[in-house]
Amino acid sequence: MRRAGLRTRVSAAFAIGALALSACVTFVSYELISNTLFRERERAAVRATYFDATVINAGLTGRPKVGDLLQSLDIGADRYVLLSWRGEWFSRTAGAPAESAVPGKLQELAATGEAGAQRIRRDGEAALVVAVPVQGEAVFYEIVSLGELERTLQLLALVLTAVAIMVSAGGAAVGWYVTRHALRPLAAVAEAASGIADGDLDTRLDPDAEPELGRLTASFNHMADELSRRLQRDRRFAADVSHELRSPLQTLAAAVSVLNRRRDSLDERSAAAVGLIADEVARFQSLVDDLLELARSDQPVHREPADIGLLAGRVLRDRGLPGDLLEVVPGTPVDWHVDRRRVEQALGNLVDNAVRYGGGPVAVRVGPGFLEVDDAGPGVPAESRSTIFDRFVRGPAANSRGGGDGTGLGLAIVAEHAAAHDGRIVLLDRPGGGARFRLELPDE
Amino acid sequence: MSAVLLIEDDDRIRLSLAMALEDEGYVTHAVATAEEGLELQRKQPADAVLVDLMLPGMDGFECIRQLRRTDDVPVIVVSARDDTHDIVAGLEAGADDYVVKPVAVKELAARLRALRRRGRAAQAATPAMTVLTFGDLEIRPEAGEVRLHGEPVAVTRTEFRLLCELAEHPGQVLSRQQLLSRVWEYEIGDERLVDVHVGRLRHKIEDNTGRPRHLVTVRGLGYKLQP
């Protein structure tokens with residue numbers, strides 16, 4: 001499983017922390033509030049019951065009508081009174097068997113002459129039963145409904161829960177926001193790194209922007225310096241090699257041309273030797289050119305509009321191949337936005353490859369976003385396919401006429417040019433036999 | 001017989017190139033330094049100059065610049081350096097063409113012939129017949145003359161050929177490849193050659209090179225000359 005991102009993790013931690021904290025606070029405050037409220041309510045109820053009990057106590061002397069006596073009490077809607085007197089239960093409303101609401105334990109307690117109170121549930125609501133023994137064997141009970149209080153507390157719990165959820169969501173949001181700020185310098189690093197990857201070697205980070213990231217900034221800038229120094233050194237090396245190899249080649253080329261001109265006056269063996277030298281000088285020259293091309297292939301492409309059909313035609317013409325090999329797929333745009341020199345070289349190398357190893361090209365196709373070269377050869381054997389685009393890999397020459405074989409770098413250069421254009425080179429089978437090289441060049 | 005001045009510090013290259021050029025029918029004056037070359041060109045002007053860029057003492061760029069002060073002789077840079085920077089700098093100094101070592105002698109001879117043809121076309125100075133006028137710019141192809149606001153402008157032979165090519169197709173866009181094949185006789189060539197020569201021409205015939213009035217670039221197509 002992929003690990004969640006840093007921002008997600010930090011936000012989740014913030015959210016969980018906020019939730020835990022707010023849940024604690026909520027729970028404690030709910031408990032405090034509810035206990036206080038209940039205790040307050042109970043105290044009030046007990047006080048009221050004692051007051052009523054005094055009234056009843058006074059009324060029970062003589063021969064009272066107990067019902068009237070109970071009726072005379074001034075009670076609200078949420079109180080219910082009962083009187084147990086001489087084994088009988090009396091209430092304000094006739095026939096209500098409310099004594100069942102009074103727990104037996106409280107009755108027993110009251111029978112011993114002790115006052116007491118107990119919380120019960122009645123009709124699904126919390127209620128408080130207060131027992132106060134009055135004169136004789138009588139016990140006065142009051143049942144006080146706590147439903148209202150319970151509903152208030154329910155609302156409070158709801159509000160507190162909502163607050164807890166909001167606080168944890170707020171925590172997550174803060175985490176997200178904070179990480180964005182905390183990660184902003186890293187975003188700058190990422191941007192700078194991708195700038196360097198794209199070839200902008202002058203990209204550096206401002207060492208004063210983020211003091212906390214001083215070390216990162218310093219290492220990053222050091223790395224960038226080192227990279228740019230190394231690249232410069234490589235480029236200088238390529239330029240030096242180029243100069244050092246090309247100068248003697250110039251002498252060789254000129255001297256060979258002087259010799260070649262006098263070939264007729266040389267004896268047969270010398271003339272053959274001069275021919276060999278001339279061929280090898282030419283090959284050495286292409287090798288140097290190809291090596292330098294590869295050494296520089298990481299440089300960014302220089303894109304400009306190019307008439308690709310014209311370019312392909314020229315590639316064929318330069319090699320003395322018939323122009324009717326060129327096929328343009330209908331719907332192909334005329335102008336492509338490519339590095340003309342490199343595409344021309346890549347296509348030229350593919351055509352040369354077909355001539356050298358594929359029995360000659362049978363078609364050069366230009367289609368939307370791709371160039372294809374089909375050859376008449378036997379196709380590429382499976383074991384060579386994975387290495388065919390490597391450097392210094394040569395196929396068995398199907399046709400060895402002309403001046404020696406290639407440098408073994410042609411297809412590697414094609415692959416590099418394709419990659420420089422964000423494209424690729426693919427080896428396919430031509431229907432009917434032979435190989436088909438397809439150079440894919442996406443439009444920017 | 002036409003004479004070629006070869007300025008090349010590498011003894012072996014100088015010797016072999018001189019021999020090979022003589023085989024191609026040129027009289028070759030070969031020297032090792034820019035100073036000697038300039039001196040020799042003053043005393044005994046050659047029809048074309050081949051110059052290396054990396055020379056001891058005065059380098060090739062400076063040599064071309066000094067040569068250009070007094071001389072419109074065709075100059076070809078023959079250098080082992082092939083990065084864009086050097087090519088453009090060499091052309092901007094005033095060279096007409098740039099070839100990278102190792103160059104085949106036949107190719108070099110072909111380049112020299114193309115440049116000399118250009119030179120001769122411009123020099124075939126029968127009295128001024130045609131005047132091509134583009135606003136305040138006047139071109140007399142037969143006389144080899146360019147005038148801006150009536151004042152003569154010193155242009156090299158290649159610049160002149162380029163200007164004439166554009167002037168003969170007024171208002172028509174010529175692509176870089178077309179100009180390369182018509183002016184330099186290149187089948188395929190380096191388009192920077194055209195761009196740098198256009199830049200050099202603009203310095204001479206435009207009042208504001210940043211916003212050219214006569215020699216304008218048509219993006220993606222090429223160049224055209226307009227009044």
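How are α7(A) and α8(A) oriented to each other? I kept this question for the helix entry below.

**Entry: the model**
I note that this is a predicted model, in which local features need pLDDT of at least 70, side-chain atom pairs count only at pLDDT 80 or more, and totals for chains, interfaces and linings use all residues. Residues are numbered from 1 along each chain as its sequence is written, while chains are lettered from A and ligands numbered from 1 in the order in which they are written.

**Entry: chain A overall**
I looked up the elements of chain A and found 10 helices and 12 strands. Helices (H or I, at least four residues) and strands (E, at least two) are DSSP runs, numbered from the N terminus. Of the 444 residues in chain A, 27% are buried. A residue is buried if 20 or more other C-beta atoms, placed from the backbone, lie within 10 Å of its own, exposed if 12 or fewer, and partly exposed in between. Taking contacts in chain A between residues at least 6 apart in sequence, I find that 61% join residues at least 24 apart. Contact here means that the C-beta atoms of two residues, placed from the backbone, lie within 7 Å.

**Entry: two annotated spans**
UniProt, in an unreviewed entry, places the feature "transmembrane region" at residues 12-33 and 155-178 of chain A. Its positions are given in the numbering used here, feature names are shortened, and annotations may be inferred rather than shown by experiment. In the model, residues 12-33 of chain A are 100% helix and 0% strand, with end C-alpha atoms 31 Å apart. Residues 155-178 of chain A are also 100% helix and 0% strand, and their end C-alpha atoms lie 34 Å apart.

**Entry: α7(A) and α8(A)**
I returned to the opening question. The axes of α7(A) and helix α8 (residues 340-357) of chain A come within 10 Å and cross at roughly 45 degrees. Axes are lines fitted to C-alpha atoms, for helices over the stretch in contact, and angles run from 0 to 180 degrees between N-to-C directions. α7(A) and α8(A) are therefore oblique to each other. Angles under 35 degrees count as roughly parallel, over 145 as roughly antiparallel, 65 to 115 as roughly perpendicular and the rest as oblique. Among the residues that meet are Leu311(A) and Val315(A) in α7(A), and Val343(A) and Leu347(A) in α8(A).

**Entry: where chain A touches chain B**
The contact takes 18 residues from chain A and 18 residues from chain B. On the side of chain A, α5 (214-261) and α7 (308-318) are the elements that give two or more residues. The largest share of that side, 14 residues, comes from α5(A).

**Entry: Val130(A)**
Is Val130(A) buried or exposed? Val130(A) is buried, with 26 other C-beta atoms within 10 Å. I place Val130(A) in strand β4 (residues 125-133) of chain A. Beyond its neighbours within four places in sequence, Val130(A) is in contact with residues including Ala45(A), Ala117(A) and Val144(A). The C-alpha atoms of Val130(A) and Val144(A) are separated by 8.0 Å, with the two residues 14 apart along the chain.

**Entry: backbone notes**
Most residues other than glycine have a negative phi, and most peptide bonds are trans. Asp422(A) has a positive phi near 60 degrees, and lies in the loop between α10 (410-420) and β11 (424-429) of chain A. Asp422(A) counts as exposed, with 12 C-beta neighbours inside 10 Å. In chain B, a cis peptide bond joins Lys101(B) and Pro102(B), with omega about -5 degrees.
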